[in-house]
Amino acid sequence: MSSPERGPQQRLRDAMALARSQALRMDGLEEGQRSADWLRFLSGSALAQPEIDEDVAVPRRLATPEGEVALSDLLPWITSRRGRVVFLRADAGEGKTTYLHLVSSALRDSAVVMSWNTNVELVMDEVLDITGPVRSTGDPSAAEPLPVVVLAELLPIMNENVTKSILATLWDHENRADDTVFVIAGRPAQVDLLSGRVGGAELCGLAPVDAVEVAALCERIQRAHDEVGKTRSATQVADLFPNLSTFLSLSPEDRAAHFAVADQPLIIGFLKAVYGPDFVQRLVAEYKELDEAADRRAYLHVCLADVSGAELPEYVLHALVPEADLDAHSRNNPWVRTDRDHHIARHAVIAQAVIEGCLDYFALERCFEDWVELTRRRADMMPLFFHVAAGTTHLKPLTTRDKRIIAKIRHRLMLVLGNDKTLQARIAAESRSSALRLLSWTRLLRGVLPEDLDEACVPLLTVVVELTESALRLATDRTVTEQIEYHRDRARRDLAVAMGVDESLDDVEDRMIRWRDFMGRDWANAQFFAELFDTSRKLALELTTKRVVERDSDAIYRAYLIGALAYVRLWATGVKSYVNSRFSESGELVNRYLHYALPERHLDVLEQAWVLSRELQSTLGQNGVLYAHALLESRDPADPGNRKRVDEAISVLEETLQHEPNTSEAIYLLADLSTKRPELIPFVRDVIGRNTSDSLVDEAILNGAAALVEQDGDARRRHLEQAVDAYAKLTWNHYLWTRLGRRWEANCSELRRLGGGSSACGRLLAKARSKHGTPRR
């Protein structure tokens with residue numbers, strides 16, 4: 001039985017020593033007995049437990065859905081979330097690592113706190129076995145045992161296996177209904193990938209630093225200046241931190257303003273405070289001032305590993321650059337050696353600033369060649385090389401706006417991998433007959449390649465194609481087989497493009513039809529739906545504009561239908577980068593080509609798109625308007641089912657506005673119908689009044705709609721004038737003209753009938769008509 005005199009920290013230390021866990025650890029065990037390092041603090045290094053224990057770090061507030069939680073109030077907040085998973089979502093440099101250390105320090109005397117290395121698989125039995133004997137307070141009168149808190153920080157790059165391992169742990173935790181609390185910090189992309197797939201997960205962030213926290217941070221900067229100055233002259237301190245004295249001389253208001261810049265990560269503000277606005281150049285100077293090329297290359301190796309979330313063990317860095325003097329440069333000058341003999345950059349943001357700012361592409365290429373040579377000698381280094389290469393592949397500009405810099409770095413990696421004649425064999429050996437591991441490698445290698453493929457990409461693409469073929473032969477699970485098939489198809493297509501070979505329409509159609517069957521799969525992501533839409537659109541346009549097949553044929557119907565459904569699913573993913581770049585293409589496909597290509601079958605395409613929109617609650621506004629408009633356009637005066645179609649259109653429009661009340665085109669269609677269905681007028685007036693859109697397009701459409709339901713002639717004319725003026729201010733293109741040109745003409749015509757309108761407006765309308773033709777839907 002646990003002794004009441006021994007606190008949870010000591011009991012946990014004993015339990016951890018017995019368990020010898022690879023996945024779990026206690027904060028501070030690896031730090032030895034060192035004291036707080038104020039030079040480390042000023043240099044921008046991530047703070048560890050010794051700095052936390054000596055109050056170097058500034059306590060931060062947690063931003064939760066219910067409000068902010070101070071560090072001093074964290075215990076009751078955590079206790080109230082027993083059994084939950086809390087995600088801390090914050091960009092690079094906002095202080096996630098330091099905050100987790102602060103949480104560990106704040107809770108360690110009143111909770112059982114462990115840290116989880118998410119790169120290592122964790123089984124919940126391990127958590128429960130370790131914490132079970134530790135949780136007892138030793139006090140028989142205690143109402144409940146101590147809370148168990150598992151802290152984790154997600155790596156910037158998570159491969160599919162790591163993602164699945166983390167989810168398996170969290171799902172196991174959820175299914176057991178145990179009361180362990182997971183607090184998992186990560187960048188937005190990584191948190192978003194996981195949080196939506198974990199039941200009951202809570203999303204939090206770090207509250208922006210306020211005046212009190214800025215004052216506390218500045219007090220620590222001043223103290224660090226004083227502490228460092230005890231062992232260095234003022235000149236040496238100024239050489240190390242050229243802006244430090246200037247910053248400390250600022251007024252409290254100016255210091256606060258320095259850290260209050262919108263969208264500026266906290267670490268960037270800190271680096272500017274100590275190094276100056278040109279902090280990137282200063283950090284790059286640290287790299288360039290290393291006398292030996294081998295030392296500079298070693299620093300680049302450390303930085304490349306750091307941006308991927310990896311730490312380089314001493315023996316690995318020495319094997320990569322044996323001639324480098326690691327002892328001379330791993331004491332914050334410019335990188336750090338940990339107490340576990342791992343080499344890391346002072347901060348991931350500093351690492352990326354050096355990579356982006358050094359512009360030493362030759363040295364970076366040599367780094368990639370070092371990895372190739374090392375993995376030829378030592379096959380066990382392939383997983384670490386995979387991690388570093390993935391970090392380079394997924395690198396996004398951080399301290400520069402010039403995307404070409406990242407592209408050039410990735411290009412050097414592509415050339416090195418493409419020239420590696422034994423790469424495929426080493427990957428096959430490392431994957432050990434695992435189809436999933438081969439798939440991970442193929443995705444990595446494809447990610448290295450640029451968007452604009454050319455002949456230089458052929459060697460690496462050839463490897464990708466052959467690896468996917470090997471993976472397909474190994475795969476036994478249907479889900480895995482489908483994913484590999486998708487990536488195999490992409491690689492074949494890309495290889496043809498790089499070789500300058502045109503794909504046949506049969507190949508495009510075959511790919512589209514097979515991918516159609518993957519649409520409902522869990523693995524299908526935004527990239528997949530975007531590529532399926534692009535493939536379908538390409539085929540639809542070819543079949544429509546070149547009249548390869550007859551209108552309303554099955555081939556052309558499939559192309560438009562699959563494209564429409566893929567776009568709905570793409571929108572549902574919420575990945576704006578993919579959605580926004582295809583918005584106008586989707587609209588053009590429907591508004592310009594669909595009715596011509598499928599004169600008898602377009603209504604069925606739009607109906608299926610609407611049904612899927614309702615199911616996924618995605619693109620309801622767009623597809624509701626398109627389907628309702630098609631229903632109204634397809635009315636045949638001699639058709640006894642005419643009224644039924646109108647009723648269905650009204651129902652679709654009302655449902656659309658229930659979910660997306662700012663859909664101005666739905667309001668306009670209902671207003672138009674109200675001229676024959678006056679019972680709709682109160683509803684139309686109500687939704688016009690509640691519309692909150694401030695776009696010029698919506699202003700034009702809504703004023704046109706208001707004119708249709710207005711009984712007073714003067715008021716109607718004013719609405720038409722406002723609509724016509726808004727239309728005249730728009731920047732017209734063919735897509736917009738196809739959508740709205742007819743309404744502009746109708747509003748102008750009605751305004752002239754009421755005795756309003758200007759000749760200037762007429763000239764603008766005539767100019768648009770001459771450029772874009774007669775408007776039609």
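Visitor: Which charged residue sits over the ring of Tyr 557?
Guide: This is a predicted model, in which local features need pLDDT of at least 70, side-chain atom pairs count only at pLDDT 80 or more, and totals for chains, interfaces and linings use all residues. Residues are numbered from 1 along each chain as its sequence is written, and side-chain values use heavy atoms, with hydrogens and water left out. A charge sits over a ring if NZ of Lys or CZ of Arg is within 6 Å of the ring centre and within 35 degrees of the ring normal. Here the charged end lies 4.0 Å from the centre of the Tyr 557 ring, and belongs to Arg 601.

Visitor: Are the rings of Trp 38 and Phe 41 stacked or edge-to-face?
Guide: Rings of Phe, Tyr and Trp (its six-membered ring) pair if their centres lie within 6.5 Å; planes under 30 degrees apart count as stacked, over 60 as edge-to-face and the rest as tilted. The centres of Trp 38 and Phe 41 are 5.9 Å apart and the planes stand at 85°, so this pair is edge-to-face.

Visitor: What is the angle between the planes of Trp 371 and Phe 385?
Guide: Trp 371 lies in helix H19 and Phe 385 in helix H20, so the pair ties together parts 14 residues apart in sequence. Helices (H or I, at least four residues) are DSSP runs, numbered from the N terminus. The pair is stacked, with 5.8 Å centre to centre and a plane angle of 15°.

Visitor: What is the relative accessible area of Trp 371?
Guide: Buried means under 20% relative accessible area, exposed over 50%, partly exposed in between (1.4 Å probe, protein chains only). Trp 371 therefore counts as buried, at 1%.

Conventions: Helix = DSSP H or I, 4+ residues; strand = E, 2+ residues; numbered from the N terminus.
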